[in-house]
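This report looks at salt bridges and at the confidence behind them. The structure comes first.

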Amino acid sequence: MYGSYSGRRRKGVRVAAAGAVGAALFLAGCSSSGGDGGDDASLPPMKQQPKGSDPYWVNPEGNAAKQAGALAKKGEDEKAELIRKIAEQPTAEWIGPENAEAQAKGYTEAAEKADRDALLVLYNIPHRDCGQFSKGGAADGNAYRTWTDQVAKGIGDRPATVILEPDAVLHLVDGCTPDEFHEERYDLLKGAIKRLKQQPKVRVYLDAGNAGWKSPDSLFEPLQWAGIADADGFSVNVSNFQTTEVSKEFGKKLSAKVGGKPFVIDTSRNGNGPYKGGDPAESWCNPPGRALGEKPTTKTGDELVDAFLWIKRPGESDGDCKGGPKAGEWYEEYALELARNAK
């Protein structure tokens, strides 16, 4: 998608598949009380983390849980325990383009039954990803507004934290999205925030890129035009590898320019920071030697940082580079490396 070194990244999420999972949860009435850890009764069930420090839902049927169960079933206990490091933490559910209301309802109902909050990502803006690996999105502005309304209806009065449109603002700033789409995108983002905030227990964080990609000075006005004033805050480092400390510094500088808004940091894969080797243009794609970062928590020790979250789903490929499968597919070797390298 991108060809220059600027800290950009592809999302590596298969939202169509995510849609099927969310709808299935709704239709099956998933209880999320633990699950079987992925097809093997000998593997302890995936339990929820302590609500006081980590209020987000652990999906017992996620890719990592299924993989851990499959490995245990084959007797590969060491690998199963490594993958369990991922499976036992809450990760975001990316809402797909189809059956959006059923997806949102399925995830939020499952989370509520487990006495936890759902963590959702909305990634369906028209002209998404500038026509590259994660290209797609709604057909037009009206389709996006309908989709957002469906998501909001699906959430209903259940608690949910929403990460809104990774890259959408950044691609307006870096010139990746053509000028003729800018006005509409700002309007769509503002409208999405207002619609989601009509739900009584929804928190919305508008994506603001990462510390390796553009500066706060170039971002604060576009964030304002996109409606940050009506959001609960913004997200940084989604799907990226910038360290937590660097992300904090970046977020605080940006916060000071947007009314002191708090922010959340994606710590899913930043344990060893960004990759410095190889072609800088591909440093975003399945970089070697990376590690899981801080576990998800709302106890960050910083009043401006609302949470450390695993927004990018660890173990799912960034794309078909460095031996990886297509974006969003489970990549066992990479997942094992992330877990082995975790501090």
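A residue counts as buried under 20% relative accessible area, as exposed over 50%, and as partly exposed in between. Asp187, at 42% relative accessibility, is therefore partly exposed. Arg145 is partly exposed too, at 39%.

These two residues form a salt bridge, with 2.8 Å between the closest N and O atoms. The pair links distant parts of the chain. Asp187 sits in helix α7 (residues 182-196) and Arg145 in helix α5 (residues 141-155), 42 residues apart.

The model is predicted. Its mean pLDDT is 89, and 85% of residues reach 70 or more. Residues 1-10 fall below 50, with 42 contacts beyond near neighbours in sequence. Residues 27-41 also stay under 50; here the model has 34 contacts beyond four places in sequence.

Across the whole structure there are 18 salt bridges. Three of them are listed here.

| Salt bridge | N to O distance |
|---|---|
| Asp187 and Arg145 | 2.8 Å |
| Asp149 and Lys153 | 3.2 Å |
| Arg203 and Asp232 | 3.6 Å |

Asp149 and Lys153 share helix α5, four residues apart, about one turn of the helix. Asp149 is partly exposed, at 24%.

Arg203 is partly exposed at 35%, whereas Asp232 is buried at 16%.

Definitions and conventions. Residues numbered from 1 in each chain as written. Predicted model: local features only at pLDDT ≥ 70, side-chain atom pairs only at ≥ 80, totals over all residues. Heavy atoms only, no water. pLDDT = per-residue confidence, 0-100. Contact = heavy atoms within 4.5 Å. Salt bridge = Lys/Arg side-chain N within 4 Å of Asp/Glu carboxyl O. Helix = DSSP H or I, 4+ residues; strand = E, 2+ residues; numbered from the N terminus. Buried < 20%, exposed > 50% of the residue type's maximum accessible area, 1.4 Å probe, protein only.
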